[in-house]
Each structure stands twice: as C-alpha cells, then as structure tokens.
Amino acid sequence: MADGFELHRSRRGLFGDDAVSYEHGRPPYPARVFELLRASGALRPGCRVLEIGPGTGQATVELLDAGAHVTAIELSDVFADRLEDRFAGAAVTVLRGPFE
C-alpha cells in the first residue's frame with residue numbers, strides 16, 4: 001500500500017499531458033490578486049518572482065506585465081516547453097522538475 005506522499009507523487013503529473021486543453025480550460029486568476037500584490041509593493045518593475053507550478057503561464061503573463069523577472073519551476077516537460085515557447089525572449093527562466 002502506498003503512503004500518502006507516494007500517492008501524491010503519482011498524481012501530481014496528471015495535468016501535464018495536454019498543455020493546450022489545460023490552458024483553455026483553466027480559469028484565470030482574479031485581477032484583484034495582482035492589484036493587491038502591486039499595492040503592497042511586492043510586485044513592481046524589476047522585482048524577482050519565484051513561480052512554483054506555473055502551468056502554461058497564466059500568472060506569468062501578469063507578473064511580466066508588471067515588470068517582474070520570473071523564475072518558473074515546472075514539473076511537466078510539456079508545460080515547460082509551452083512556457084519556453086510562449087515567453088521566448090521575455091524575462092523568464094524555466095526550470096524543469098519538482099519544486100522540492
């Protein structure tokens with residue numbers, strides 16, 4: 001019988017097979033999230049952001065639009081490929097693998 005973390009590891013890659021469907025089906029983050037980050041001073045031009053599990057980059061777009069430099073850690077190679085294609089030339093570094 002698998003322990004809880006082993007089960008988690010087996011499930012966490014389930015979303016990473018179809019980047020296009022994920023991107024179209026995933027609801028956007030509320031604009032208020034980014035407004036609050038800007039208002040608090042945490043999101044400003046030139047800041048550095050560590051984005052864990054960026055998927056296909058919904059939040060990444062908002063972070064870049066605010067002038068941030070983003071380091072994105074993505075488990076799925078399919079999603080990492082999509083991020084690299086989508087943000088080629090932008091202030092994004094994509095790292096592949098689990099966060100931990």
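Reader: How many aromatic pairs does a search of the whole structure find, and what is the geometry of the rings of Tyr-29 and Phe-34?

Author: In this predicted model, a search of the whole structure finds one aromatic pair. The ring centres of Tyr-29 and Phe-34 are 6.5 Å apart and the planes stand at 90°. Planes over 60 degrees apart count as edge-to-face, so the geometry of Tyr-29 and Phe-34 is edge-to-face.

Reader: Is Phe-34 buried or exposed, and what does Tyr-29 count as?

Author: The relative accessible area of Phe-34 is 5%, and because buried means under 20%, Phe-34 is buried. Tyr-29 has a relative accessibility of 39%, which falls between the cut-offs of 20% and 50%, and therefore Tyr-29 counts as partly exposed.

Reader: Which residue has its charged end over the ring of Tyr-29, and at what distance from the centre?

Author: Besides its pairing with Phe-34, the ring of Tyr-29 has a charged end sitting over it. That charged end belongs to Arg-26, and its distance from the ring centre is 4.6 Å.

Reader: Where is the place of His-24, is this residue buried or exposed, and what distance separates its C-alpha atom from that of Thr-56?

Author: His-24 belongs to helix H2, which covers residues 19-25. Its relative accessibility is 68%, and because exposed means over 50%, His-24 counts as exposed. Along the chain His-24 and Thr-56 are 32 residues apart, while their C-alpha atoms are separated by 9.8 Å.

Reader: In what order do the three strands form the open sheet, and which strands stand at the edges?

Author: The three strands form an open sheet with parallel pairing, in the order S1-S2-S3. Two of them, covering residues 48-52 and 92-96, each have a single partner strand, so one side of each is left without a neighbour in the sheet, and these edge strands are S1 and S3.

Reader: How many bridges join S1 to S2, and which residue in S2 stands opposite Glu-51?

Author: S1 and strand S2, which spans residues 69-74, run parallel and are joined by five bridges. Along this pairing, Arg-48 stands opposite His-69, and the residue in S2 that stands opposite Glu-51 is Ala-72.

Reader: How many residues of S2 are buried, and what is the bridge partner of Glu-74 in S3?

Author: S2 is mostly covered, with five of its six residues buried. S2 is also joined to S3 by five bridges, and these two strands run parallel. Within S3, Leu-95 is the bridge partner of Ile-73, while that of Glu-74 is Arg-96.

Reader: Which strands does helix H4 lie across, and what hand does the β-α-β unit of S1, H4 and S2 have?

Author: Helix H4, made of residues 58-65, runs at about 175° to S1 and lies across S1, S2 and S3. Together with S1 and S2, helix H4 makes a β-α-β unit that is right-handed.

Reader: Through which helix does the chain cross from S2 to S3, and what angle does the direction of helix H5 make with that of S3?

Author: The chain crosses from S2 to S3 through H5, in a β-α-β crossover that is right-handed. Helix H5 (residues 77-86) packs on the sheet and touches S2 and S3, and the angle between its direction and that of S3 is about 165°.

Methods:
Residues numbered from 1 in each chain as written. Predicted model: local features only at pLDDT ≥ 70, side-chain atom pairs only at ≥ 80, totals over all residues. Heavy atoms only, no water. Phe/Tyr/Trp six-rings, centres within 6.5 Å; stacked < 30°, edge-to-face > 60°. Buried < 20%, exposed > 50% of the residue type's maximum accessible area, 1.4 Å probe, protein only. Lys NZ or Arg CZ within 6 Å of the ring centre and 35° of its normal. Pairing = 2+ DSSP bridges. Helix = DSSP H or I, 4+ residues; strand = E, 2+ residues; numbered from the N terminus. Contact = heavy atoms within 4.5 Å. Axes fitted to C-alpha atoms, helices over the stretch in contact; angles between N-to-C directions. Right-handed = clockwise from strand over helix to strand, strands pointing away.
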